[in-house]
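Here is a walk through one protein chain. Keep the sequence and the 3D view side by side as you read.

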Amino acid sequence: MRTLHFIISCLYLGRSACLTNFCVTPTMHSRRAFLPTIAGGIAGSILTAPLVSQAIDVNNAFSGDFQVYKGLFPTIAAKIIQRGPFKNAEEMYAAMDSDVERERLKQYEKEFTFKKRESGPDRGSGKRSI
């Protein structure tokens, strides 16, 4: 059972965690002690894993697409959608109301692309309907 415990822990927590946690604490041999350790390792690896970011096409994005960018959803996302399409980032910055909004957008400048707007369904205003 201890070997299985070690193998599963290495898979979820990584090699360094196995060497420090399980070689030093040989008394952890019950399932009750094992499950919280694995659950904590899984949660920790999920929470600390970097988000896979993909470039967003500003002119064709839906309001919900901006949720992955901290500080852009819903207010700035709604302004981008309502005031677009944009040819480039400078044109998008000029459409914003404040320097704070411009600075927030500049944080993610490398994540934005500006393709020609495609016709299609309403992309949303970023506001929730009740």
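A residue counts as buried when its relative accessible area is under 20%. Tyr69 has a relative accessible area of 5%, so Tyr69 is buried. Keep that cut-off in mind, since it returns below. The model is predicted.

Start with the overall layout. The chain has 6 helices and 2 strands. Along the sequence they follow the pattern α-α-α-β-α-α-α-β. The chain has 130 residues, and buried residues make up 28% of them. Now take the contacts between residues at least 6 apart in sequence. Of these, 57% join residues at least 24 apart.

Next, helix H4, which spans residues 75-83. Which residues of H4 are buried? They are Ile76, Ala77, Ala78, Lys79, Ile80 and Ile81. Note that a lysine is on that list. The cover over these buried residues includes helix H5 (89-94) and helix H6 (99-106).

Look at both sides of H4 in the sequence. Most peptide bonds are trans. The bond that joins Phe73 and Pro74 is cis, with omega about 5°. Pro74 sits in the loop between strand S1 (56-57) and H4. The bond from Gly84 to Pro85 is cis as well, with omega near 5°. Pro85 belongs to the loop between H4 and H5.

Now the packing of H4 against H6. Two packed helices are described by the angle between their axes and the distance between the axes. Here the axes of H4 and H6 come within 11 Å and cross at roughly 90°. An angle of 65 to 115 degrees counts as roughly perpendicular. H4 and H6 are therefore roughly perpendicular to each other. By class, their contact has 3 nonpolar, no polar and 3 charged residues. On the H4 side the residues are Ile76, Lys79 and Ile80. On the H6 side they are Glu101, Arg104 and Leu105.

Is Glu101 buried or exposed? Glu101 lies in helix H6. Its relative accessible area is 10%, so Glu101 is buried. Setting aside neighbours within four places in sequence, Glu101 is in contact with Ile76, Lys79 and Met96.

The largest nonpolar core has 18 residues. Which of them touch the most other members? They are Phe66, Leu72, Ile80, Met92, Leu105 and Phe112. The elements that give two or more residues to this core are H4 and H5. H4 provides the largest share, 4 residues. Met92 shows how such a residue is surrounded. Beyond residues up to four places away in sequence, Met92 touches Val58, Ile80, Phe86, Leu105, Phe112 and Phe114.

Phe112 leads on to the aromatic rings. The structure holds 2 aromatic pairs. A pair of aromatic rings is described by the distance of the centres and the angle of the planes. For Tyr69 and Phe112 the ring centres are 6.0 Å apart and the planes stand at 65°, so this pair is edge-to-face. Tyr69 lies in the loop between S1 and H4, and Phe112 in strand S2 (residues 112-113), so the pair ties together parts that are 43 residues apart in sequence. Phe112 has 8% relative accessibility, so Phe112 counts as buried. Ring pairs link Tyr69, Phe112 and Tyr108 into a cluster.

Two further spots bring together residues that are separated in sequence. What does Lys115 touch? Lys115 is found in the segment after S2. Its relative accessible area is 53%, so Lys115 is exposed. Not counting residues up to four places away in sequence, Lys115 touches Asp57, Asn59 and Asn60. From Lys115 to Ile56 the C-alpha to C-alpha distance is 9.9 Å, while the two are 59 residues apart in sequence.

The other spot is Ala95, in the loop between H5 and H6. Ala95 touches Arg83 and Phe86, again leaving out residues up to four places away in sequence. Ala95 and Lys79 are 16 residues apart in sequence, and their C-alpha atoms are 8.1 Å apart.

Terms used. Residues are numbered from 1 along each chain as its sequence is written. This is a predicted model: local features need pLDDT of at least 70, side-chain atom pairs count only at pLDDT 80 or more; totals for chains, interfaces and linings use all residues. Side-chain values use heavy atoms; hydrogens and water are left out. Buried means under 20% relative accessible area, exposed over 50%, partly exposed in between (1.4 Å probe, protein chains only). Contact means heavy atoms within 4.5 Å. A nonpolar core is a set of buried Ala, Val, Leu, Ile, Met, Phe, Trp, Tyr and Cys residues joined through side-chain atoms within 4.5 Å. Axes are lines fitted to C-alpha atoms, for helices over the stretch in contact, and angles run from 0 to 180 degrees between N-to-C directions. Angles under 35 degrees count as roughly parallel, over 145 as roughly antiparallel, 65 to 115 as roughly perpendicular and the rest as oblique. Ala, Val, Leu, Ile, Met, Phe, Trp, Tyr, Cys and Pro count as nonpolar, Asp, Glu, Lys and Arg as charged, and the others, Gly among them, as polar. Rings of Phe, Tyr and Trp (its six-membered ring) pair if their centres lie within 6.5 Å; planes under 30 degrees apart count as stacked, over 60 as edge-to-face and the rest as tilted.
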